[in-house]
Amino acid sequence: MQVRYYLMLLFTATFFYACNQSGNSAQLQLRIDSLEKEIDASYKPGLGEFMSQIQVHHAKLWFAGKSENWKLADFEIHEIMESLDDIQQYAAARLESKKVIMLQPALDSVNYAIEQKNTALFTSSFELLTATCNRCHAAVEYDFNKVKIPEIPPLSNQVFTPSEN
Ligand code: HEC
């Protein structure tokens with residue numbers, strides 16, 4: 001009699017434990033579903049927004065380099081590189097994103113010119129960089145979107161010349 005009683009108790013306990021477990025996993029699934037919805041609805045910048053950021057840094061890079069402000073030029077080129085990494089991470093769904101690596105040789109060349117503080121090399125590398133931007137735009141059928149070497153600084157509230165100290 002005793003054994004049957006214990007067996008019944010064990011069975012009931014296991015039954016409730018299992019029910020509780022499946023209740024937990026159902027709740028967990030609900031939580032996962034709602035988190036997935038939240039992630040889908042959360043704001044992610046698109047490729048065009050990253051490009052607009054790159055456009056600003058591209059212009060600032062030019063004025064920094066022409067002013068021989070090598071520290072600022074180094075900063076600006078790294079901003080471009082960060083945006084390119086972000087494109088590959090956050091805009092991976094756009095097939096064009098894979099093509100951004102075509103900028104690498106031109107970026108390496110601009111980087112080298114900055115390291116060497118070589119204005120002539122900076123100018124020719126920047127021309128190559130700008131031409132490569134347009135080469136990609138053409139390759140992905142955005143050739144109506146042409147970039148060029150800027151004529152005036154993009155913003156008037158930033159100093160491009162190196163500071164005195
Ligand atoms: C993958 C190849 C690729 C490369 C490399 C590339 N772009 Fe783009 N760019 C695009 C695509 C695609 C768009 C259109 C994005 C969209 O759908 O809004 C674009 C759009 C733009 C725009 C338009 C943004 C706007 O809203 O008016 C600018 C400006 C721009 N790119 C600048 C640049 C500059 C500067 C470089 C080089 C430093 C560059 N891009 C390199 C693919 C590229």
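Met51 counts as partly exposed, because its relative accessibility is 31%; here buried means under 20% relative accessible area, exposed over 50%, and partly exposed in between (1.4 Å probe, protein chains only). Welcome to a predicted model, in which local features need pLDDT of at least 70, side-chain atom pairs count only at pLDDT 80 or more, and totals for chains, interfaces and linings use all residues. Residues are numbered from 1 along each chain as its sequence is written, and side-chain values use heavy atoms, with hydrogens and water left out.

**The iron site**

Met51 (SD) and His137 (NE2) coordinate the iron atom of the ligand at 2.1 to 2.3 Å. Met51 sits in helix 2 (residues 47-66) and His137 in helix 5 (residues 119-139), so this pair, 86 residues apart, links distant parts of the chain (helices are DSSP runs of H or I, at least four residues, numbered from the N terminus). His137 counts as buried at 15% relative accessibility.

The site of the iron atom is octahedral, with angles of 84 to 179 degrees among its 6 donor atoms. Donors are N, O and S atoms within 2.8 Å of the metal (3.2 Å for Na, K and Ca), and six count as octahedral if opposite donors are over 155 degrees apart and all others between 65 and 115.

**Salt bridges**

The whole structure holds 2 salt bridges, each a side-chain nitrogen of Lys or Arg within 4 Å of a carboxyl oxygen of Asp or Glu.

| Pair | N to O distance |
|---|---|
| Glu96 and Arg94 | 2.9 Å |
| Lys148 and Glu151 | 2.5 Å |

Arg94 is partly exposed at 34%, while Lys148 is exposed at 51% and Glu151 is exposed at 64%.

Key: Four donors count as tetrahedral if all angles lie between 85 and 135 degrees; four count as square planar and six as octahedral if opposite donors are over 155 degrees apart and all others between 65 and 115; anything else is irregular. Helices (H or I, at least four residues) and strands (E, at least two) are DSSP runs, numbered from the N terminus.
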